[in-house]
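Good morning, everyone. Please take a look at the model on the screen. I will start with a question.

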Amino acid sequence: MGARERWEVLTGVSVGLGLTLAVLSPLTAMDEDSFPISSYPMFARPRGQPTLYAVVGRAADGSEVRLPASVVASSEPLQTKVLIQRSVEQGPDAMLALCRSVAERVAEGPERLRSVEIVRRRYDPIEYFTRGPVPLEQERLSSCRVPRRRGAHAKGPR
Amino acid sequence: MLQALWRWYAPPIPLCRLRLLRAGVGAYALVYLIVRAAHLNAVVAYPASAFSPVGVVSVLTQPLAAPWVYALYVGAVLSGAAFTAGVAYRYSAPAFAALLLWVTSYRHSFGMIFHTDNLLVLHVLLLVFAPAGGGKLRAAAGDADEHRRSWVPRALCLVTVAAYLVAGAAKLRHTGWSWAAGGALREQIAYDAIRKIELGSTYSPIGPWLLPHEWLFAPLSVFALATELLAPLALLGVRAAAIWCACAWLFHAGVLALMAIAFSYPLSGAAFLAFFPLERAQQALRRRFRRGQGPAAPATSAAPPARN
């Protein structure tokens with residue numbers, strides 16, 4: 001085997017098999033996830049009765065309005081979910097900051113809402129669909145008023 | 001024994017297979033970058049408090065300024081175009097691999113790791129080592145087989161099956177064999193739909209519609225788990241690879257239908273190209289095209305018989 005062939009074998013083994021072993025490495029420590037080497041935890045765990053955090057709008061009549069992810073934080077729902085969760089973990093100030101930033105965007109939009117709330121709700125995921133979307137428990141974590149839009153008085157009461 | 005293993009790992013292959021592989025994976029990556037431009041660049045608006053760097057982005061302690069994010073994205077698109085076309089491959093391939101790794105890693109560095117990009121990034125990284133530059137994608141009579149870096153397609157296959165194997169093993173580690181009974185999958189589908197509903201996002205109505213039919217989820221779970229754990233069988237040959245790739249594609253189609261989660265790289269088929277002698281498919285397509293044009297069309301080239 002010539003020097004060139006040896007180099008070829010060395011490169012092939014170290015790069016190709018090395019990267020394969022790197023991809024397999026989470027088999028030894030499944031708790032860590034990263035990118036692009038991942039332990040692929042999605043779909044792996046039973047969900048039980050998950051607690052979800054959501055940012056919702058409240059209309060003048062007290063009814064709840066779901067806000068699209070793009071109004072809350074990002075056009076990607078999963079990213080939005082994480083950003084809401086982060087603000088909850090960081091405490092009341094972070095939640096209020098998120099609440100106010102969402103309220104600003106709501107004020108610019110077509111919806112006429114009185115306030116924005118961050119809520120925590122626990123569900124039974126199967127019963128949500130088989131019996132109805134009633135949370136097992138819920139709690140309002142933060143709330144803020146939607147600022148009046150400039151010129152809103154010309155369009156009638158909100 | 002070692003020589004036999006090396007011959008399996010690095011069989012001589014036509015150069016045009018490497019180029020077709022580069023063009024296929026590169027075209028997918030380029031389209032992906034352009035179609036997902038808004039999502040990849042949306043990170044500039046995320047709060048710095050959400051910054052949680054992963055992978056290569058761990059070198060940063062705080063988010064990049066917006067102009068850097070945009071510049072790196074544009075660099076990824078431009079180098080991706082050169083990579084796909086095979087232009088200045090010696091430079092464009094490593095540049096594209098590095099920028100694609102950076103752009104996707106940066107996007108995942110705000111608390112949510114999306115597992116849809118992993119294989120694409122790993123495949124592009126491996127293709128850097130293939131002599132796959134040049135614009136000529138058609139095999140021609142007299143083309144010699146390529147011996148240099150002919151292990152690259154096999155490495156792509158190994159990385160692919162390894163990723164699926166890890167995903168299957170994660171289910172066994174976290175839930176055990178009971179994952180195959182269907183309960184965990186049923187809960188996952190319900191949970192995924194709820195979080196999307198609660199976030200005001202679109203969700204698949206098919207998953208929730210199936211939830212009352214509990215018996216369905218055991219066979220679906222067995223199929224998913226078997227597809228992941230038996231992925232290494234795809235390395236046994238082209239026929240085995242075709243069967244496994246079809247199963248993996250169906251698995252992802254099921255995830256899309258039930259949870260509206262698109263693993264677009266495998267769904268596009270680009271993730272599985274390395275398992276197949278692409279030049280043979282190219283020849284078959286060209287013959288078919290010629291037949292469609294009528295008997296007068298002459299045969300202009302003949303590729304060497306495909307191996308492996």
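Which residues touch the most other members of the largest nonpolar core? They are A:Val102, B:Leu100, B:Val124, B:Leu126, B:Leu127 and B:Val159. That core holds 129 residues. A nonpolar core here is a set of buried Ala, Val, Leu, Ile, Met, Phe, Trp, Tyr and Cys residues, joined through C-beta atoms within 7 Å. Buried means that 20 or more other C-beta atoms lie within 10 Å of a residue's own; exposed means 12 or fewer, partly exposed lies in between, and C-beta atoms are placed from the backbone. Helix α7 of chain B gives the most to this core, with 13 residues.

Some ground rules. This is a predicted model, where local features need pLDDT of at least 70, side-chain atom pairs count only at pLDDT 80 or more, and totals for chains, interfaces and linings use all residues. Residues are numbered from 1 along each chain as its sequence is written, and chains are lettered from A and ligands numbered from 1 in the order in which they are written.

Now chain A. It has 5 helices and 4 strands. These are DSSP runs, numbered from the N terminus: helices are H or I with at least four residues, strands are E with at least two. Along the sequence the pattern reads α-β-β-α-α-α-β-α-β.

How does chain A compare with a compact globule of 158 residues? The globule would have a radius of gyration near 15 Å, but chain A has 24 Å. That radius is taken over C-alpha atoms, and the globule rule is 2.2 Å times the number of residues to the power 0.38. The C-alpha atoms fill a box of roughly 85 × 40 × 30 Å along the principal axes. Buried residues make up 35% of chain A.

Next, the sheet. The 4 strands of chain A form an open, antiparallel sheet in the order β2-β1-β3-β4. Strands β2 (64–66) and β4 (137–145) of chain A stand at the edges with a single partner each, so one side of each has no neighbour in the sheet. Two strands pair if DSSP finds at least two bridges between them. In chain A, 3 bridges join β1 (residues 51–58) to β2. A:Val56 stands opposite A:Arg66 in β2(A).

Helix α3 (residues 77–90) of chain A lies across β1, β3 (115–122) and β4, at about 100 degrees to β1(A). Axes are lines fitted to C-alpha atoms, for helices over the stretch in contact, and angles run from 0 to 180 degrees between N-to-C directions.

Back to A:Val102. Leaving aside neighbours within four places in sequence, A:Val102 is in contact with A:Val55, A:Leu67, A:Val71, A:Val72 and A:Val116. Contact means that the C-beta atoms of two residues, placed from the backbone, lie within 7 Å.

On to chain B. Chain B has 13 helices and 2 strands. Its radius of gyration is 22 Å, close to the 19 Å that the globule rule gives for 308 residues, so chain B is as compact as a globular protein of that length. The C-alpha trace of chain B spans about 60 × 50 × 50 Å along its principal axes. Buried residues make up 46% of chain B.

Last, the meeting of the chains. Here 57 residues of chain B are in contact with 53 residues of chain A. Which element of chain B gives the most to that side? It is α7(B), with 13 residues.
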